[in-house]
Amino acid sequence: PAVTDIILEPALASTSSAKQPIEPLTVNVKVFEKSSFGDVRQVIARRFGVEPSIVRLVAGFQASGDNGELHPVEQEYDERIGRLRRFKVLGVDLTAPEAPKPPRRSRRPLPPLGDRGDPAVGE
């Protein structure tokens, strides 16, 4: 399957102490082109070492109620990403270091077994 790069950015804009918007942080990750929003959520969770349930991909914010409070509009996680290649993320600190990758499995053969199923040691 074809793989594509996607760009993640925080859903909430940061500002500097001078109240000037700072350069938006972006992080690139790779996913299959036919991935769903749920698949993207899993990739983000693995990369940053968090539970997928806290990763929120948002399409934007919508005002609701009498006070006009803004609430995030989340993507439907079973839908395919289609042509979208830029995602807004809530629940994950994109400045955090990546989670360590698990060690690669060795392709070397296992040691021979002794008569009792124990590894042959010092024979």
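## A buried glutamate, E9

E9 is buried, with a relative accessible area of 10%, where buried means under 20% relative accessible area, exposed means over 50% and partly exposed lies in between, judged with a 1.4 Å probe and protein chains only. This is a predicted model, in which local features need pLDDT of at least 70 and side-chain atom pairs count only at pLDDT 80 or more, while totals for chains, interfaces and linings use all residues. Residues are numbered from 1 along each chain as its sequence is written, and side-chain values use heavy atoms, with hydrogens and water left out.

E9 is found in strand β1; strands (E, at least two residues) and helices (H or I, at least four) are DSSP runs numbered from the N terminus. Not counting residues up to four places away in sequence, E9 touches L25, T26, R86, F87, K88, V89 and L94, a contact being heavy atoms within 4.5 Å.

## The pairing of E9 with R86

Side chains of opposite charge can pair when their charged atoms come close. E9 forms a salt bridge with R86, and the closest N and O atoms are 2.9 Å apart; the term stands for a side-chain nitrogen of Lys or Arg within 4 Å of a carboxyl oxygen of Asp or Glu. Because E9 lies in strand β1 and R86 in strand β5 (residues 86–90), the pair ties together parts that are 77 residues apart in sequence.

R86 is partly exposed, with a relative accessible area of 46%, whereas E9 is buried. E9 and R86 also belong to a network of salt bridges that links them with K88.

## Other salt bridges

A search of the whole structure finds four salt bridges. One of them joins the side chains of D5 and K30, at 2.9 Å from N to O. D5 lies in strand β1 (residues 3–10) and K30 in strand β2 (residues 27–32), so this pair ties together parts that are 25 residues apart in sequence. D5 is partly exposed, with a relative accessible area of 42%, while K30 counts as exposed at 54% relative accessibility.

R56 forms a salt bridge with E74, with the closest N and O atoms 3.1 Å apart. Since R56 lies in strand β3 (residues 56–64) and E74 in strand β4 (residues 69–74), the pair ties together parts that are 18 residues apart in sequence. R56 is partly exposed, with a relative accessible area of 30%, and E74 is likewise partly exposed, with 32%.

## The nonpolar core

The largest nonpolar core has 19 residues, of which L8, V40, I44, L57 and F87 touch the most other members; such a core is a set of buried Ala, Val, Leu, Ile, Met, Phe, Trp, Tyr and Cys residues joined through side-chain atoms within 4.5 Å. Strands β1, β2 and β5 and helix α1 (37–48) each supply at least two residues of this core, and α1 gives the most, with six residues.

Leaving aside its neighbours within four places in sequence, L8 is in contact with L25, T26, V27, V29, I44, F87, V89 and L94.
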